[in-house]
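Hi,

Here is the structure I promised to pass on.

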Amino acid sequence: MKNQTFISHSVEQTREFAKRLAQELYGGSFIAFKGGLGAGKTAFITGLAEGLGIRDAVSSPTYTLLHHYRKNDSQHTEASSDLYHFDMFRISGYDDLESTGFFDYLSGDAILAVEWSENIQDFIPDGAIIITMEVIGENIRKITIKRECQNKGE
Amino acid sequence: MKIFAIDTTTKTVSVAAVKFDERDYTILAEYNMNAGAPHSRTLLPAIKNVLTSISLLPKDLDVVAVSNGPGSFTGLRIGIAAVKGISGAAEILCAGVSSLTALAYNISFAQGVICPVMDARRNQVYNALFTFEDTGNGIRKIKRHCADRAVSIAQLGKELEKFNGDVNLVGDGAELVLAELQDVLGDRLKLAPRSLLSARAVSVAQAAFIEKCFIAGNELIPNYLRQPQAVRELQESDSVRK
Ligand SMILES: Nc1ncnc2c1ncn2[C@@H]1O[C@H](COP(=O)(O)OP(=O)(O)O)[C@@H](O)[C@H]1O
Ligand SMILES: [Mg+2]
């Protein structure tokens with residue numbers, strides 16, 4: 001995946017863009033989101049889930065820390081991968097992060113999408129896709145996609 | 001007494017039904033799996049398979065036992081939730097045993113110190129130290145030498161230097177510790193036989209039977225050793241209120 005910048009003019013455009021990006025993901029992909037409240041992280045992940053073929057409703061796991069959207073349940077056709085959706089808004093430091101079970105999910109074959117990844121900066125794995133969302137105007141967002149190779153241990 | 005036991009504290013899923021008499025026990029069925037699939041998907045089918053393969057219903061069991069930590073946070077939650085569910089629905093007692101005690105039972109035949117080690121990341125292991133002593137009539141009695149803890153591998157090496165005799169490593173951190181401490185402890189370090197290296201529910205059942213720590217499902221709690229973020233936040237907000 002190459003680095004790119006996209007200017008979105010509506011929440012629908014953000015979702016469509018995310019839906020296309022979903023086609024480039026595979027089991028084990030790690031997507032770290034940066035950007036403050038209302039930047040559109042959850043909107044983006046809603047598009048990702050849709051692109052993966054997941055039909056569950058997506059919302060920020062601000063209090064539950066983690067939402068798990070399954071690739072198949074009894075009603076739906078099979079999606080390409082499970083999606084784990086973390087929200088690190090309330091997390092600071094290694095012990096906090098470990099207690100969420102975060103490290104147990106890293107080695108699996110699901111896709112991980114992480115909101116507020118600023119809070120777990122030191123623990124973002126090598127090869128993660130970093131998506132930064134900036135508010136430019138009421139309905140305008142600047143979306144920057146970077147694949148980062150960081151070497152900070154876990 | 002029939003004890004049904006579960007261990008999900010590591011990447012292994014282990015489920016067993018064990019029948020105990022006063023002096024002996026029989027493994028009725030055992031299921032061990034280590035193929036990388038998440039416990040959330042594998043545990044319940046494994047439980048169902050073990051019970052149906054020996055035509056038992058949950059209500060036919062006397063106790064349902066679980067390794068309640070230390071170990072993977074996610075694993076503990078899944079295992080304990082399952083045991084609470086079974087114990088509540090079938091109205092039977094449950095038991096929570098230390099995952100480290102259970103690992104020690106894997107190699108109760110070993111001479112010297114038994115040193116269960118579970119990978120706790122960042123060069124730490126969950127560990128406690130045990131020995132087994134002959135009490136005559138063929139029975140070996142477990143003796144614990146310290147509380148369950150998270151300890152750096154280097155610190156563990158220093159402590160083990162003080163013991164005499166063999167140090168028997170068991171658990172998913174055993175090979176890591178063997179590699180790290182070979183310089184310090186040399187051939188006193190022994191790795192458990194590979195077939196007994198991982199967590200086994202049969203050992204959980206054994207520990208529960210010996211400890212007789214039978215409780216109601218709602219009393220069962222995980223022993224994380226490290227405090228989860230939610231609990232810490234609650235305590236912080238409590239202390240602010242005071
Ligand atoms: N171009 C856009 N892309 C994404 N969201 C937008 C855009 N324009 C307006 N919005 C609005 O911004 C809000 C983003 O909310 P949300 O996705 O929950 O943000 P976050 O998860 O980053 O806090 C929504 O109310 C959405 O309708
Ligand atoms: Mg959000």
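A:Leu97 touches A:Ile91, A:Phe102, A:Ile120 and A:Phe123, leaving aside residues up to four places away in sequence. Touching here is a contact, meaning that the C-beta atoms, placed from the backbone, lie within 7 Å. The residue sits in helix α3 (residues 94–99) of chain A. Helices (DSSP runs of H or I, at least four residues) and strands (runs of E, at least two) are numbered from the N terminus. A:Leu97 counts as buried because it has 21 C-beta neighbours inside 10 Å; the cut-offs are 20 or more other C-beta atoms within 10 Å for buried, 12 or fewer for exposed, and partly exposed in between, with C-beta atoms placed from the backbone. From A:Leu97 to A:Asn119 it is 22 residues in sequence and 9.4 Å in space, C-alpha to C-alpha.

Before you go further: this is a predicted model, so to speak of local features I needed pLDDT of at least 70, and side-chain atom pairs count only at pLDDT 80 or more, while totals for chains, interfaces and linings use all residues. Residues are numbered from 1 along each chain as its sequence is written, and chains are lettered from A and ligands numbered from 1 in the order in which they are written.

Now the sheet in chain A. It is open, has 7 strands in the order β1-β7-β6-β2-β5-β4-β3, and its pairing is mixed. Strands count as paired if DSSP finds at least two bridges between them. β1 (4–8) and β3 (66–69) of chain A are at the edges with a single partner strand each, so one side of each has no neighbour in the sheet. From one strand to the next the twist averages 20 degrees. Inside the sheet, β2 (residues 30–34) and β6 (residues 129–137) of chain A pair in the parallel sense over 4 bridges, and A:Phe33 stands opposite A:Ile131 in β6(A).

Two helices lie across these strands. Helix α2 (residues 41–52) of chain A lies across β2, β3, β4 (83–87), β5 (111–115) and β6 of chain A, at about 170 degrees to β5(A). Axes are lines fitted to C-alpha atoms, for helices over the stretch in contact, and angles run from 0 to 180 degrees between N-to-C directions.

Which residues are closest to ligand 1? They are A:Thr14, A:Gly40, A:Lys41, A:Thr42 and A:Ala43, out of 18 that surround it (C-beta atom, placed from the backbone, within 6 Å of the molecule). α1, α2 and β7 of chain A each give two or more residues to that shell.

On to chain B, which has 7 helices and 13 strands. Of its 242 residues, 43% count as buried. Its C-alpha atoms fill a box of roughly 60 × 50 × 35 Å along the principal axes. In strand β4 (residues 63–67) of chain B, 5 of 5 residues are buried, with B:Val63, B:Ala65 and B:Ser67 on one side and B:Val64 and B:Val66 on the other. β4(B) runs parallel to β1 (residues 2–7) of chain B, joined by 4 bridges, and B:Ala5 stands opposite B:Ala65. On β5 (residues 93–97) of chain B, also parallel to β4(B), there are 5 bridges to β4(B), and B:Val66 stands opposite B:Gly96.

Finally, 8 residues of chain B are in contact with 11 residues of chain A.

Cheers
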